[in-house]
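Dear colleague,

Please find below the structure that I am handing over to you. My notes on what was found in it follow directly after.

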Amino acid sequence: MGAAIITNLPALLVVVPLLLAPVNSLLHSASLAWMLTLIGAGSSFIAALMLQSITENGVRISYHLGNWEPPWGIEFVVDSATSLTLVVMTGLGFIATLAARRLVSSEINDKDSGKFYAAWMLVSGGLFGLVMTADAFNLFVFLEISALASAILIGMGAGTDRRALVAGFHYLVIGAVGATFYVIGVGFIYAMTGTLNMGDMAARIPEAGGGAVLHVGFGFMVAGMLVKAAIFPVHIWLPAAYSYAPSAVSTLLAAIATKAALYVLARIVFTIFGGVPEIADIALSNVIVPLAIGGIFIGTVMAIYEADIKKMFAHSSVAQIGYIALGLGLATPAGVSASFIHIANHALIKGGIFMAIGGFVAALGARANLDSITGIGRRMPITATAFLICGLSLAGLPLTAGFISKLYLVRAILETESYLILALVLISSALSVVYLWKIMEVMWMQPAPVRSPKLAENPAIYLPLWIVAFGNIWFGIDASWLVAAARSAATALLGGGA
Amino acid sequence: MIEQLAGSWNHIIVVILMMIGLFLVIARTNLIKKLVGLSIFQTSVFIFYISLGKIAGGTAPILDGNPDTLYSNPLPHVLILTAIVVGVATTALGLALILRINEAFGSIEEDEIIEAKARESLPRPKRPTVEAAE
């Protein structure tokens, strides 16, 4: 029994959330639906940890769905890169679910909660499948499962702010265009290689020799993923989607959604097209790196001029995604492992920040902007302190996880001796302190408005919020596990093979 | 040149449909028209895949025991069956969202919605806010 579970872990990781979704949608009790979701998210986390312990020494699990041999059947591949991404996604997904109960009950009708958690499970299951699948077309299906469910979750913010509907619609349309671009690309590559299995594609692409068609196919696939990962200039859906979605959804999406797309982008470039450096390397150095730097600056500058707190950090997410993409774009083992470190750390940082903002919003009963959170440091000290820790980590202060990310990214850039990129990264880091300072100053140094009502702290989110805050400090002091896992992930990705 | 174009007329149609669809998605302010554009865009990709699987002189891929029979490739068709389902789901969800947008904003024209959003200095709060209590 136990052995059967372990051999089928990759499939279970997708099947369990997808099965819980319809069950959730039938439930009328919000607490029951939340309990089921928590069990689903918790078991996914345990499954991901088990996969990680199996694969950390370079073991590569190839799971054949329905026992159909690849390349005919659909294959799930879990190597150390996949399992690290999965651990980050499932872990933060679990913590976001812990916080969801209180955040959701303040923003969503109880009778809609079952359906809300159903969509929540669909997003999770879809994204886990997206990361594991080694079948290029199956990837599109998982992409759409998670995108449709995310659009529903974003639209559910309409209970408090009707603009959520428009944000959800735009996410749906832009996401569908991106996914269709990806499918066009897969069509071209399929026409050249006659296979949909990524490993098989990688083996056949160098000998296919169809110059222009390969370029076009690659271009479409990458363009599609750039949209999904919200890399500048196709990031426009992200700020609205994150800021109008219910707080719990912002936490979940910021922590896991774009991370999955970034990982898939890495797999397309390094795994599928790793054998044809004349395509992959040019795309990385001439397209991904400039776009990443553009995103870093646009995101940071937009965040500086934003007064709405949630939107400010949504813009900052665009910048942070830029740092991750920049690491991938360097295409060196150091750069890619810096990316993986930042994928994990950024999930911790943004997960915590959006959770804390959710706490503020629930207590204020209104959107959090620079006016309404004046002096909130003294009015809600426990939530605000966790927010402060995550904010410092975002700025990259030593002894926080964000510092480790920046350190490894800077080291990786130094290794490639591209001093222009280094200067730009350092300038943008300094700029990010501007908006963080602005918000911290308002929160901690200004007195609360006179006669303001007492704000109730929200003990239900203490546990998940402080787990994340401690995570930010823990990985800032002892990052050895994360760094080792990221190194092994980079080796698995760059070492060729699916 | 003409023969070349005639030989790949399926691709030309795909490209024309694709451009019509993308143009509608980008340029139209009416949300329903945007969704129509998205559907046309997706359909063009379906046609691309289906014409990919056709082999000149090939027949339906049902084994008839004759090793010389030329079969068309059924796989792209199967893939598109899945993609059509995804497309239907996308359209359905999009229409549902448009209905809700119409209820909330009283319009499905993007520029009018943007105006309405701009007029909305602060969203409607559920509970009394700090300002209201003062």
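**A buried alanine in chain A**

A:Ala100 counts as buried because 30 C-beta neighbours lie inside 10 Å; a residue is called buried if 20 or more other C-beta atoms lie within 10 Å of its own, exposed if 12 or fewer, and partly exposed in between, with C-beta atoms placed from the backbone. This is a predicted model, in which local features need pLDDT of at least 70 and side-chain atom pairs count only at pLDDT 80 or more, while totals for chains, interfaces and linings use all residues. Residues are numbered from 1 along each chain as its sequence is written, and chains are lettered from A and ligands numbered from 1 in the order in which they are written.

A:Ala100 belongs to helix H4 (residues 80-107) of chain A; helices (H or I, at least four residues) and strands (E, at least two) are DSSP runs, numbered from the N terminus. Leaving aside neighbours within four places in sequence, A:Ala100 is in contact with A:Trp34 and A:Ala248, where contact requires that the C-beta atoms of two residues, placed from the backbone, lie within 7 Å. From A:Ala100 to A:Arg162 there are 62 residues in sequence and 21 Å in space, C-alpha to C-alpha.

Strand E1 (residues 61-64) and strand E2 of chain A run antiparallel and are joined by four bridges; two strands pair if DSSP finds at least two bridges between them. A:His64 has A:Glu75 as its bridge partner in E2(A). On strand E2 (residues 75-78), A:Glu75 and A:Val77 point one way and A:Phe76 and A:Val78 the other, and all are buried. The loop between E1 and E2 of chain A holds A:Pro71, which is joined to A:Pro70 by a cis peptide bond with omega of about 10°.

A:Pro233 is in the loop between helix H9 (211-229) and H10 of chain A. Helix H10 (residues 237-244) of chain A is mostly covered, since eight of its eight residues are buried. Among them are A:Trp237, A:Tyr242 and A:Tyr244. The elements that cover the buried residues of H10(A) include helix H6 (136-155), helix H7 (163-193), helix H11 (247-272) and helix H13 (309-330) of chain A.

Two residues have a positive phi without being glycine. A:Ala331 has phi near 60° and lies in the loop between H13 and helix H14 (333-364) of chain A; A:Ala331 counts as buried, with 22 C-beta neighbours inside 10 Å. A:Leu399, with phi of about 75°, is in the loop between helix H16 (381-395) and H17 of chain A.

Helix H17 (residues 401-416) and helix H18 (residues 419-445) of chain A pack at an angle of about 160°, with axes 9 Å apart. Axes are lines fitted to C-alpha atoms, for helices over the stretch in contact, and angles run from 0 to 180 degrees between N-to-C directions. H17(A) is therefore roughly antiparallel to H18(A); angles over 145 degrees count as roughly antiparallel, under 35 as roughly parallel, 65 to 115 as roughly perpendicular and the rest as oblique. The residues in this contact include A:Leu409 and A:Ile413 of H17(A) and A:Leu422 and A:Val425 of H18(A). By class, the contact of H17(A) with H18(A) has seven nonpolar, one polar and one charged residues. Here Ala, Val, Leu, Ile, Met, Phe, Trp, Tyr, Cys and Pro count as nonpolar, Asp, Glu, Lys and Arg as charged, and the others, Gly among them, as polar.

Chain B has six helices and zero strands. Buried residues account for 23% of its 134 residues. Of the contacts in chain B between residues at least 6 apart in sequence, 42% join residues at least 24 apart.

Helix H2 (residues 9-27) and helix H3 (residues 31-53) of chain B pack at an angle of about 160°, with their axes 7 Å apart. H2(B) and H3(B) are therefore roughly antiparallel to each other. Among the residues making the contact are B:Ile13, B:Leu17 and B:Leu24 of H2(B), together with B:Phe41, B:Ile47 and B:Phe48 of H3(B). The contact of H2(B) with H3(B) has 15 nonpolar, six polar and two charged residues by class.

The two chains meet through 34 residues from chain A and 35 residues from chain B. On the side of chain A that touches chain B, the elements giving two or more residues are H6 and H7 of chain A, and H7(A) gives the most, with 14 residues. By class, that side of chain A has 20 nonpolar, eight polar and six charged residues.

With kind regards
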